[in-house]
Amino acid sequence: MRVQSSATAPSRIAVDTPARAATAGTLQAGLGVVAFSLTFPATAWGLEGFGPWSLVAVRSVLAALIAGGCLLALRVPPPGRRHWPGLAVVAAGVVVGFPLLTTLALQTSTTAHAAVVVGLLPLTTALLSALRTGIRPSRTFWTAALAGAAAVLVFTVQQSGGALGTADLYLFAALLVCAAGYTEGGRLARVMPGWQVIGWALVLCLPLGVPATLLALSYEPVHLTAHSVAGLVWVAAGSQFVGLVVWYRGMAAIGVPRASQLQLGQPLLTLVWSVLLLGEHLTVAAPLTAAAVLVCIVVTQRARG
């Protein structure tokens, strides 16, 4: 009996380890979604005291200093030459493109309307990931993803009154560049720790971020308030660094397509924070959409692609 028990133990470990890794990856990606869900409300707070260009430049520099300090403290060697093109894509999409385009959009758009881009981001990320990696998720996966994206899109457009403003050009451009950054970052997170992916992408932007910050601050007046400082700190440390660290770790563990579907719940979380932090109002459609989104997430997580 003892021999049989010892013989079966390794098989149990072999079965349990992937399951635990998938659970941990899902948890980390979920934490990233929570961090991202606060980005739009925090940006709205930041815009109370900063101009859009100043806010984006300062957040990039602060996040780069945090990331660079961590890399130096842990004596992390620079990535290999073959990884720098991918890091440049992450930097362009996640560090510069998405923050700048959404910040410009939030000057004339509510956070509810801006959440449209987040609702479509999982589907766009999954599409770009399939093209980039050659992985083809199952038909069930795509059906659930499309249904979830449609539910979120209908809900967020209804929240904004169904009107499309000039900010939509910024939002759809942000959707594309962020999906590209997520896809490339998820690929890189399979060959290096996720926090190093975003860390080096942030450091890569530092030579441009510092002069951009000085230039923007010289043209845009700054009026520091408790809200603007809190918003800046969150988008720099929470959204730009910590959130992306756990997000990329989660994507590396469970794959880009499945991780991206967890973001289907992000617009609803953003709307909740908008009520609590910005005083916006939700309709009775919120719980119905939340239930539909949760069903889609469960299906995509269980679908085998």
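Modeller: One term to begin with: contact means heavy atoms within 4.5 Å. This is a predicted model, in which local features need pLDDT of at least 70, side-chain atom pairs count only at pLDDT 80 or more, and totals for chains, interfaces and linings use all residues. Residues are numbered from 1 along each chain as its sequence is written, and side-chain values use heavy atoms, with hydrogens and water left out.

Biologist: Thanks! Which residues does Leu 244 touch, not counting residues up to four places away in sequence?
Modeller: Those are Phe 36, Val 94, Tyr 182, Ile 198 and Ser 239.

Biologist: And where is the kink in helix α9 centred?
Modeller: On Leu 244, and the kink is about 35°. Helix α9 spans residues 226–254; helices here are DSSP runs of H or I with at least four residues, strands are E runs of at least two, and numbering goes from the N terminus. The bend at a residue is the angle between axes fitted to the seven residues ending there and the seven starting there. Gly 255 follows α9 and has a positive phi, near 95°.

Biologist: Let's talk packing. Which members of the largest nonpolar core touch the most other members?
Modeller: Among its 62 residues, they are Tyr 182, Val 197, Ile 198, Leu 202, Leu 244, Trp 247 and Tyr 248. A nonpolar core is a set of buried Ala, Val, Leu, Ile, Met, Phe, Trp, Tyr and Cys residues joined through side-chain atoms within 4.5 Å. Buried means under 20% relative accessible area, exposed over 50%, and partly exposed in between, with a 1.4 Å probe and protein chains only. There is also a second, separate core of 7 residues, including Leu 123 and Ala 149.

Biologist: Is Leu 188 buried or exposed?
Modeller: Leu 188 counts as buried because its relative accessibility is 0%. Leu 188 sits in helix α7. Setting aside residues up to four places away in sequence, Leu 188 touches His 83, Gly 86, Leu 87, Val 90 and Val 197.

Biologist: What about Arg 75, buried or exposed?
Modeller: Arg 75 is exposed, at 75% relative accessible area. Arg 75 belongs to the loop between α3 and α4, and its phi is positive, near 50°, in a residue other than glycine.

Biologist: And which loop holds Ser 109?
Modeller: Ser 109 is in the one between α4 (84–105) and α5 (111–133). Ser 109 is buried, with 12% relative accessible area. Apart from neighbours within four places in sequence, Ser 109 contacts Ala 114 and Ala 167.

Biologist: Switching topic: how many cavities of 30 Å³ or more does the structure hold?
Modeller: The structure has 1. The space in the largest cavity is about 180 Å³. Of the 18 residues lining the largest cavity, Phe 36, Thr 39, Phe 98, Tyr 182 and Ser 239 are the closest to its centre.

Biologist: Which helix gives the largest share of that lining?
Modeller: That would be α4, with 4 residues.

Biologist: Last one: how confident is the predictor?
Modeller: The protein chain has a mean pLDDT of 83, and 90% of its residues reach 70 or more; pLDDT is the predictor's confidence in each residue, from 0 to 100.

Technical notes. 1 Å grid on protein atoms, 1.4 Å probe; cavity = no way out; pocket = protein on both sides within 12 Å on 5 of 7 lines; lining within 4 Å. Points joined across faces, edges and corners; volume = space filled by probe spheres on them.
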